[in-house]
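My notes follow in the order in which I looked things up.

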Amino acid sequence: SAVISQKPSRDICQRGTSLTIQCQVDSQVTMMFWYRQQPGQSLTLIATANQGSEATYESGFVIDKFPISRPNLTFSTLTVSNMSPEDSSIYLCSVTHGAGNTEAFFGQGTRLTVV
Amino acid sequence: SQELEQSPQSLIVQEGKNLTINCTSSKTLYGLYWYKQKYGEGLIFLMMLQKGGEEKSHEKITAKLDEKKQQSSLHITASQPSHAGIYLCGAKGDSGGSNYKLTFGKGTLLTVNP
């Protein structure tokens, strides 16, 4: 298993500002992902965080809006830039130890409200 | 793209009752995950199923994957208030470059009344 710590757990931000969310894992993991869960909706994959290179973004998500870093095998950050109320969501970090059918673990999430 | 449909969307049961949540996929499932989510929080991993006909249990929760690998069910026996939450099923993509991505259903909200 993996213990994932996300910070902050929640925040209320002004529109137009940016927030950086941190994801720290207690062990080296192969893959790290960032998901978004909008109110009343299920989880949607934003991007795969790649160590030492640019993240791989899913359709509808771009680097300018959601810059991601992954400097090593245990840490990643997601920034939500130039926020608007539509960005109010829960953002979740997820990790796996392999690319195949292995268990996928999630952090406790960051609950973001943009006012 | 793969779509997962969960039923029911919400469920209210009396403590001690059994219940079942279903997850149906539009495509063959190559890895089916069940998670529990408390309101506004992260996901707690419950079980992962891969093989057709596979069944796994943990405490009072049993998950099954049908032989055709297109439907999974989550069964809770003698439900307790601690079982309350949102249950999500997630599925891996098919083989190839997308097989690590998880697609999720919209979740089933379970309320257990004491």
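**Entry 1: strands and helices.** I began with the terms: helices (H or I, at least four residues) and strands (E, at least two) are DSSP runs, numbered from the N terminus. With that settled, I looked at chain B and found zero helices and eleven strands. Its pattern along the sequence reads β-β-β-β-β-β-β-β-β-β-β. For chain A I also noted zero helices and eleven strands, in the order β-β-β-β-β-β-β-β-β-β-β.

**Entry 2: what I am looking at.** This is a predicted model, in which local features need pLDDT of at least 70 and side-chain atom pairs count only at pLDDT 80 or more, while totals for chains, interfaces and linings use all residues. Residues are numbered from 1 along each chain as its sequence is written, chains are lettered from A and ligands numbered from 1 in the order in which they are written, and side-chain values use heavy atoms, with hydrogens and water left out.

**Entry 3: overall dimensions.** I looked up the radius of gyration, which is taken over C-alpha atoms; the globule rule is 2.2 Å times the number of residues to the power 0.38. For the 115 residues of chain A, a compact globule would come out near 13 Å, and the chain's 13 Å agrees. I then checked the C-alpha traces along their principal axes: chain A spans about 40 × 25 × 20 Å, and chain B about 45 × 30 × 20 Å.

Entry 4: How much of each chain is buried? Here buried means under 20% relative accessible area, exposed over 50%, and partly exposed in between (1.4 Å probe, protein chains only). In chain A, 51% of the 115 residues are buried; in chain B, 47% of the 114 residues are.

For surface areas I used the Shrake-Rupley method with a 1.4 Å probe; for residues, only the protein chains shown count as cover. Chain A exposes about 5,100 Å², with carbon and sulfur atoms supplying 48% of it. For chain B I wrote down about 5,700 Å², of which 47% belongs to carbon and sulfur.

**Entry 5: contacts along the sequence.** A contact means heavy atoms within 4.5 Å. Taking contacts in chain A between residues at least 6 apart in sequence, I found that 55% join residues at least 24 apart. In chain B, 55% of the contacts between residues at least 6 apart likewise join residues at least 24 apart.

**Entry 6: charges.** Lys and Arg count as positive and Asp and Glu as negative; His and the chain ends are not counted. Each charge is placed at NZ of Lys, CZ of Arg, CG of Asp or CD of Glu. In chain A, the mean positions of the 7 positive and 8 negative charges are 8 Å apart. In chain B, those of the 13 positive and 10 negative charges are 1 Å apart.

**Entry 7: strand β8 of chain A.** Is this strand buried or exposed? Six of the six residues of β8 (residues 75-80) are buried, so the strand is largely enclosed by the rest of the structure. In a regular strand the side chains alternate between the two faces of the sheet. In β8(A), A:Phe75, A:Thr77 and A:Thr79 point one way and A:Ser76, A:Leu78 and A:Val80 the other, and all are buried.

Next I looked for its partners; two strands pair if DSSP finds at least two bridges between them. Strand β3 (residues 19-25) of chain A runs antiparallel to β8(A), joined by six bridges, and A:Gln22 has A:Thr77 as its bridge partner. Strand β7 (residues 68-72) of chain A also pairs with β8(A) in the antiparallel sense, over three bridges. There A:Ile68 stands opposite A:Leu78, and a hairpin joins β7(A) to β8(A) through two residues.

Entry 8: Most residues other than glycine have a negative phi, and most peptide bonds are trans. I found a cis bond from A:Lys7 to A:Pro8, with omega near -10°; A:Pro8 sits in the loop between β1 (4-7) and β2 (10-13) of chain A. In chain B, a cis peptide bond joins B:Ser7 and B:Pro8, with omega about -10°, and B:Pro8 is in the loop between β1 (4-7) and β2 (10-14).

Which phi values are positive in chain B? B:Glu59, not a glycine, has a phi of about 55°. B:Glu59 lies in the loop between β6 (55-58) and β7 (61-65) of chain B and is exposed, at 72% relative accessible area. B:Lys69 has a positive phi near 60°, and its place is the loop between β7 and β8 (71-76) of chain B.
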